[in-house]
Amino acid sequence: MASLVSSVLAFAPSTPTTFVNTNLQMGADSEVSFGELDGSQLKIGIIKTRWNDVHVNNLVDGAKKALKECNVAEEAIFETEVPGSYELPYAARLLALSGSVDAIITAGVLIKGETMHFEYICEAVSGGIMNVGLQTLTPTIFGVLTCLDESQVIARSTGDNNHGYDWGKTAVEMALLRRQALGGKKSEMGFGKVTEDLGSKKTEEKEERKIGFF
């Protein structure tokens with residue numbers, strides 16, 4: 001018995017483990033660096049929510065600042081809105097299928113409340129946005145802040161820590177990566193560009209669509 005106790009104690013930490021409450025501001029600072037990016041030939045879509053619109057608009061401003069720095073023309077930025085974050089994946093998929101943009105930035109803000117609603121929405125939205133990119137081959141940026149309180153949102157949507165800026169840079173980088181990987185070709189999926197007959201798909205040659213849903 002004594003030998004068993006000795007064996008167990010041998011694996012015990014020499015000092016007690018201390019769990020420290022992390023500062024709620026941690027993670028507000030961006031740790032991502034970007035090189036020179038030329039988005040002058042790109043079209044970028046931005047889909048934002050009206051829910052928490054003040055904070056969301058700050059994030060969109062940050063994204064547009066980054067796009068401008070990457071030489072994305074103002075007329076090459078398509079912007080639309082949906083009621084809330086839950087609607088972002090559906091709208092992003094419609095825009096991706098239109099074949100009119102090279103990348104999509106989704107922008108929203110979710111703040112933890114008193115119920116499990118926050119967790120359900122966060123999981124659904126994050127998974128949905130990821131699936132849009134994987135299924136349509138259109139880079140779709142997860143630009144949804146998921147915060148515990150409004151102070152965390154402010155720390156991540158204003159000043160030098162505006163996460164929207166990084167999302168804009170990421171959209172350009174991923175759009176360029178896609179073009180490089182696919183030889184400059186756009187996805188063959190889109191409204192009126194793909195016809196389905198008994199489960200088979202037949203592509204039709206069409207002129208490049210103008211930016212937007214239609």
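These exercises, with worked solutions, walk through a predicted model of one protein chain.

Residues are numbered from 1 along each chain as its sequence is written, and side-chain values use heavy atoms, with hydrogens and water left out. Because the model is predicted, local features need pLDDT of at least 70 and side-chain atom pairs count only at pLDDT 80 or more, while totals for chains, interfaces and linings use all residues.

**Exercise 1. State how confident the prediction is, and where pLDDT falls below 50**.

Step 1. pLDDT is the predictor's confidence in each residue, from 0 to 100. The chain has a mean pLDDT of 82, and 72% of its residues reach 70 or more.
Step 2. Residues 8-25 have pLDDT below 50. Beyond near neighbours in sequence, this stretch has 8 contacts in the model; contact means heavy atoms within 4.5 Å.
Step 3. Residues 187-206 also stay under 50. For them the model has 34 contacts beyond four places in sequence.
Step 4. Where pLDDT is low, the predicted coordinates should not be read in detail.

**Exercise 2. Describe the secondary structure and the order of its elements**.

Step 1. Count the elements: 6 helices and 7 strands. Both are DSSP runs, numbered from the N terminus: helices are H or I with at least four residues, strands E with at least two.
Step 2. Read them from the N terminus: α-β-α-β-α-β-α-β-β-α-α-β-β.
Step 3. Take contacts between residues at least 6 apart in sequence: 77% of them join residues at least 24 apart.

**Exercise 3. Work out how α3 and α4 pack**.

Step 1. Helix α3 spans residues 88-98 and helix α4 residues 117-136. Their axes lie 8 Å apart, at an angle of about 10 degrees.
Step 2. That angle makes α3 roughly parallel to α4 (angles under 35 degrees count as roughly parallel).
Step 3. L88, P89, A92, R93, A96 and L97 of α3 meet V125, G128, I129, V132, Q135 and T136 of α4.
Step 4. By class, this contact has 8 nonpolar, 3 polar and 1 charged residues. Ala, Val, Leu, Ile, Met, Phe, Trp, Tyr, Cys and Pro count as nonpolar, Asp, Glu, Lys and Arg as charged, and the others, Gly among them, as polar.

**Exercise 4. Do likewise for α2 and α5**.

Step 1. Helix α2 (residues 53-69) and helix α5 (residues 150-157) cross at roughly 20 degrees, and their axes come within 9 Å.
Step 2. The two helices α2 and α5 are therefore roughly parallel to each other.
Step 3. On α2, the contact uses H55, N58 and L59; on α5, E150, V153, I154, R156 and S157.
Step 4. These residues divide into 3 nonpolar, 3 polar and 2 charged.

Technical notes. Axes fitted to C-alpha atoms, helices over the stretch in contact; angles between N-to-C directions. Parallel < 35°, antiparallel > 145°, perpendicular 65-115°, else oblique.
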